[in-house]
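Dear colleague,

Please find below the structure that I was asked to pass on to you.

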Amino acid sequence: MDNVGIVVDDLEAAIAFFVELGMELEGKGRIEGRWAARLVGLDDQRVDVAMMRTPDGHGRIELAKYHRPTAISGVPEDAPANTLGIRRIMFAVDDIDDVIARLRTRGAELVGEVAQYKDAYRLCYIRGPEGIVVALAEQID
């Protein structure tokens, strides 16, 4: 896998959220032109993108802010876990409580609660900007 694409309305808020998760901004740019329109099937598109890289360098998230055509909402921001489509991305973290606290400063909130799976993991779902849901997993030693 090279990357996962997420369409957002507030690009800077989404960048800040993923930086708080430990990702790095790899680069930003504008995509437009005939080649891009042919690729995604949208005429006359203009999109600002930000590529976020995981700390290990093996995964990336492409955040996209559509200026033209205007983005449309596909599902409600508070869609439950059983809604069809991609629901979340999971990140392994060293200290789940610290990550939750830092993400809350960016307006994120827990979807449910922190739960423990056997003696192996502490897990949670957290909702960030634009209704983006990430799962956090802390391995218990």
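Helices (H or I, at least four residues) and strands (E, at least two) are runs assigned by DSSP and numbered from the N terminus. The model is a predicted one: local features need pLDDT of at least 70, side-chain atom pairs count only at pLDDT 80 or more, and totals for chains, interfaces and linings use all residues. Residues are numbered from 1 along each chain as its sequence is written, and side-chain values use heavy atoms, with hydrogens and water left out.

The first sheet

Strands of a sheet pair through backbone hydrogen bonds, either parallel or antiparallel. Two strands are said to pair if DSSP finds at least two bridges between them. An open sheet is built from 4 strands in the order 1-4-3-2, with mixed pairing. Its edges are strand 1 (4-7) and strand 2 (24-32), each of which pairs on one side only. Strand 3 (residues 46-53) and strand 4 (residues 60-68) run antiparallel and are joined by 8 bridges; within this pair, Ala50 stands opposite Leu63.

Helix 1

For burial, the cut-offs of relative accessible area are under 20% for buried, over 50% for exposed, and in between for partly exposed (1.4 Å probe, protein chains only). Helix 1 (residues 11-20) has 7 of its 10 residues buried, so it is largely enclosed by the rest of the structure. The buried residues in this helix are Leu11, Ala14, Ile15, Ala16, Phe17, Phe18 and Glu20. At the N-terminal end, Asp10 caps helix 1, with a side-chain oxygen 3.3 Å from the backbone nitrogen of Glu12. Just after the helix, Gly22 takes a positive phi of about 105°.

Strand 9 and its partners

Which strands pair with strand 9? Strand 8 (residues 121-127) pairs with strand 9 in the antiparallel sense over 7 bridges, and here Arg122 stands opposite Glu138. Strand 9 (residues 133-139) is largely enclosed by the rest of the structure, because 6 of its 7 residues are buried.

Strands 8 and 9 form a hairpin with 5 residues between them. Glu130 lies in the loop between these two strands and is partly exposed, with a relative accessible area of 27%.

Arg127

Arg127 belongs to strand 8. Arg127 has none, and the nearest side chain of opposite charge, Glu109, is 4.8 Å away. Lys and Arg count as positive here, Asp and Glu as negative, while His and the chain ends are not counted. The side chain of Arg127 does reach the backbone oxygen of Glu77 at 2.9 Å.

Backbone points to check by eye

Most residues other than glycine have a negative phi, and most peptide bonds are trans. Asp44, in the loop between helix 2 (34-40) and strand 3, has a positive phi near 50°. Glu130 also has a positive phi, near 65°. A cis peptide bond joins Arg68 and Pro69, with omega about -15°; Pro69 lies in the loop between strand 4 and strand 5.

Yours sincerely

Definitions and conventions: A salt bridge is a side-chain nitrogen of Lys or Arg within 4 Å of a carboxyl oxygen of Asp or Glu. A polar contact is a pair of N or O atoms within 3.5 Å; within protein, one must be able to donate a hydrogen and the other to accept it, and residues adjacent in sequence count only if both atoms are side-chain atoms.
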